[in-house]
Every structure is written in structure tokens, then in C-alpha cells.
Amino acid sequence: MSGHVYKIVELVGSSPDSIEGAIAGALARASDSLHSIRWFEVVGTRGHVVDGKVSHYQVMLKVGFTIDDT
């Protein structure tokens, strides 16, 4: 058996509730069209502030998935 080959895509997930929610939302949405997602890496976080409070989180992710065998 040969080693795995991965394709990497970048995603930005967002959530009004948490960083974890932004990650989970991005992965759930990506899994609708990407198969065999194996890992993710958070490469950046940012947020939107309104009236001195966090109103929205954004998380930039690298997501790796395996290429299907033919």
C-alpha cells in the first residue's frame, strides 16, 4: 500500500458564538463537497467588535483531505 496524498484547501469559518463554532461550521460545510477530510490547522483568528464586545469570530483554516484512489 502506498502513502497517502493530501490536497490542502484554505477556508474561513465564522460564528457569532465562538472560535470552536467557527471551526465546526467550516468543517461541516466543507464536508458537504469535500470527501475524506483528515485534518485541519488553524492559521489565523480574527473577530468583529461592536460597542466594545465581540460580535463575530472568524477562523482561517488549512484543511487536508486525501485524494481518492483510482
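Where in the chain does Asp-51 lie? In this predicted model, Asp-51 is placed in the loop between β2 and β3. The setting of this residue is described below, after an account of the chain as a whole.

The chain contains one helix and three strands. Read from the N terminus, these elements follow the order β-α-β-β. The radius of gyration of the chain is 15 Å, well over the 11 Å that the globule rule gives for 70 residues, so the chain is more spread out than a compact globule. The C-alpha trace spans about 55 × 20 × 15 Å along its principal axes. Of the 70 residues in the chain, 19% are buried. The chain exposes about 5100 Å², and 52% of that area is supplied by carbon and sulfur atoms. Among the contacts with a separation of 6 or more, 61% are between residues 24 or more positions apart.

Strand β1 covers residues 6-15, and Ser-15 belongs to it. Ser-15 has a relative accessible area of 6% and is therefore buried, since the cut-off for a buried residue is under 20%. The side chain of Ser-15 reaches the backbone nitrogen of Ser-18 at a distance of 3.4 Å. When neighbours within four places in sequence are left aside, Ser-15 is in contact with Gly-21, Ala-22, His-56 and Tyr-57.

Helix α1 includes Leu-27. The relative accessible area of Leu-27 is 21%, so this residue counts as partly exposed. Apart from neighbours within four places in sequence, the contacts of Leu-27 are with Ile-37, Phe-40 and Val-63. Leu-27 and Thr-66 are 39 residues apart in sequence, and their C-alpha atoms are 15 Å apart in space.

The loop between α1 (19-30) and β2 contains Leu-34. Leu-34 and Ser-15 are 19 residues apart along the chain, and a distance of 21 Å separates their C-alpha atoms. Ser-36 is also found in the loop between α1 and β2. The phi angle of Ser-36 is near 65 degrees, which is a positive value in a residue other than glycine. With a relative accessibility of 25%, Ser-36 counts as partly exposed.

Strand β2 comprises residues 37-50, with Trp-39 among them. Trp-39 has 31% relative accessibility and so counts as partly exposed. Together with Tyr-6 and Ile-8, Trp-39 makes a nonpolar surface patch of about 280 Å².

In the loop between β2 and β3, Asp-51 also has a positive phi. The value is near 55 degrees, and Asp-51 is a residue other than glycine. At 75% relative accessibility, Asp-51 counts as exposed, because the cut-off for that class is over 50%. Asp-51 and Ser-14 are 37 residues apart in sequence, with 19 Å between their C-alpha atoms.

Strand β3 spans residues 53-66 and includes Thr-66. The relative accessible area of Thr-66 is 8%, so this residue is buried. Not counting residues up to four places away in sequence, Thr-66 touches His-4, Val-5, Tyr-6, His-35, Ser-36 and Arg-38.

Notes: Residues numbered from 1 in each chain as written. Predicted model: local features only at pLDDT ≥ 70, side-chain atom pairs only at ≥ 80, totals over all residues. Heavy atoms only, no water. Patch = residues over 30% accessible without salt bridge, like charges linked within 9 Å, V, L, I, M, F, W, Y side chains within 5 Å. Areas by Shrake-Rupley, 256 points an atom, 1.4 Å probe, with all protein chains shown as cover. Salt bridge = Lys/Arg side-chain N within 4 Å of Asp/Glu carboxyl O. Helix = DSSP H or I, 4+ residues; strand = E, 2+ residues; numbered from the N terminus. Buried < 20%, exposed > 50% of the residue type's maximum accessible area, 1.4 Å probe, protein only. Polar contact = N/O pair within 3.5 Å; in protein donor to acceptor, adjacent residues only side chain to side chain. Contact = heavy atoms within 4.5 Å. Rg over C-alpha atoms; globule rule 2.2 N^0.38 Å.
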